Amino acid sequence: MLPLLSQTPASWAQSVLADPVELLNDHAFLEKKAANNAMDLMTRWPGEWVAGWVETMTSVARDEAAHLAQVTRLLMRRGGKLSRVHKNPYANDLRMLVRRGEAGEIVDRLFVSALIEARSCERFSVLAEVAEPELAAFYKALHSSELGHYKVFLKLAKKIDPKCEARWETMLAREAEILAAQPPGPRIHSGC
Ligand SMILES: [Fe+2]
Ligand SMILES: [Fe+2]
């Protein structure tokens, strides 16, 4: 069960699927960012807190790179191509929550990663219900992979700071607010 504090209605999926090429373009950037994020976490905090840190992050990065390849293939087959510039205000706003330079920075970064994974999961299941068969199967397959990532990030955060429950609750609440404030449009993390 995902702990998210808001639920995406099916009407959101119907609306974003009106422009599947743009949705796939946005999605591709998301996977690229997720791969970069895992590599960044891997190099900035190499293993002194948690055993298996490097292995975990490289494994997530590998998954995300594979997802990126899959989305890009679907995008190209549908006549699209990756645009040069891309904005993700949802993820940017979430990153603003990270406490800089404090002991909580790594925990917050893991929380933000977990939140993005959890919300992506939620959105993929809503999309899978509405999309045509090829895309539905794709979203379903990604759902289980991103669910695994969500769990891994959350577990690592709790390992580093076993008393982080209150902070997690706060972050969950902020995530729902940030998502609700997003403009609508063919993006995985758009507003409804
Ligand atoms: Fe992914
Ligand atoms: Fe992921």
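## Basis of the description

Two residues are in contact when their C-beta atoms, placed from the backbone, lie within 7 Å. This is a predicted model, in which local features need pLDDT of at least 70 and side-chain atom pairs count only at pLDDT 80 or more, while totals for chains, interfaces and linings use all residues. Residues are numbered from 1 along each chain as its sequence is written, and chains are lettered from A and ligands numbered from 1 in the order in which they are written.

## Overall architecture

The protein chain contains 7 helices and 0 strands, where helices (H or I, at least four residues) and strands (E, at least two) are DSSP runs numbered from the N terminus. In sequence order the pattern is α-α-α-α-α-α-α. The radius of gyration is 16 Å, close to the 16 Å that the globule rule gives for 192 residues, so the protein chain is as compact as a globular protein of that length. Here the radius of gyration is taken over C-alpha atoms, and the globule rule is 2.2 Å times the number of residues to the power 0.38.

The C-alpha trace spans about 45 × 30 × 30 Å along its principal axes. Of the 192 residues in the protein chain, 35% are buried; a residue is buried if 20 or more other C-beta atoms lie within 10 Å of its own, exposed if 12 or fewer, and partly exposed in between, with C-beta atoms placed from the backbone. Among contacts between residues at least 6 apart in sequence, 71% join residues at least 24 apart.

Helix H2 (residues 20-44) and helix H3 (residues 53-77) have axes that come within 8 Å and cross at roughly 165°. Axes are lines fitted to C-alpha atoms, for helices over the stretch in contact, and angles run from 0 to 180 degrees between N-to-C directions. H2 and H3 are therefore roughly antiparallel to each other; angles under 35 degrees count as roughly parallel, over 145 as roughly antiparallel, 65 to 115 as roughly perpendicular and the rest as oblique. Their crossing is left-handed, a term used if the near helix is turned anticlockwise from the far one by less than a right angle, with right-handed used if clockwise. The contact of H2 with H3 has 18 nonpolar, 5 polar and 3 charged residues. In this classification Ala, Val, Leu, Ile, Met, Phe, Trp, Tyr, Cys and Pro count as nonpolar, Asp, Glu, Lys and Arg as charged, and the others, Gly among them, as polar.

H3 also packs with helix H6 (residues 133-160), at an angle of about 160° and with the axes 11 Å apart. H3 and H6 are therefore roughly antiparallel to each other, and their crossing is left-handed. H3 contributes Thr56, Val60, Asp63, His67, Gln70 and Leu74 to the contact, and H6 contributes Phe138, Leu142, Ser145, His149 and Val152. By class, the contact of H3 with H6 has 5 nonpolar, 5 polar and 1 charged residues.

## Oblique packing of H5 and H7

Helix H5 (residues 105-130) packs with helix H7 (residues 165-180) at an angle of about 50°, the axes being 10 Å apart. That angle makes H5 oblique to H7, and the crossing is right-handed. Val107, Phe111, Leu115 and Arg119 of H5 meet Arg167, Trp168, Met171, Glu175 and Leu179 of H7. This contact has 6 nonpolar, no polar and 3 charged residues.

Arg119 lies in helix H5 and is buried, with 25 other C-beta atoms within 10 Å. Not counting residues up to four places away in sequence, Arg119 touches Leu4, Glu175, Leu179 and His189. Glu146 is 27 residues from Arg119 in sequence, with a C-alpha to C-alpha distance of 9.4 Å.

Asn25 is in helix H2 and counts as buried, with 22 C-beta neighbours inside 10 Å. Leaving aside neighbours within four places in sequence, Asn25 is in contact with Leu75, Gly80, Leu82 and Ser83. Asn25 and Pro186 are 161 residues apart in sequence and 9.2 Å apart in space, C-alpha to C-alpha.

Asn36, also in helix H2, counts as partly exposed with 13 C-beta neighbours inside 10 Å. The C-alpha atoms of Asn36 and Ser120, 84 residues apart in sequence, are 17 Å apart. Ala18 occupies the loop between helix H1 (10-16) and H2 and counts as exposed, with 9 C-beta neighbours inside 10 Å. Its C-alpha atom is separated by 9.9 Å from that of Ala131, 113 residues away along the chain.
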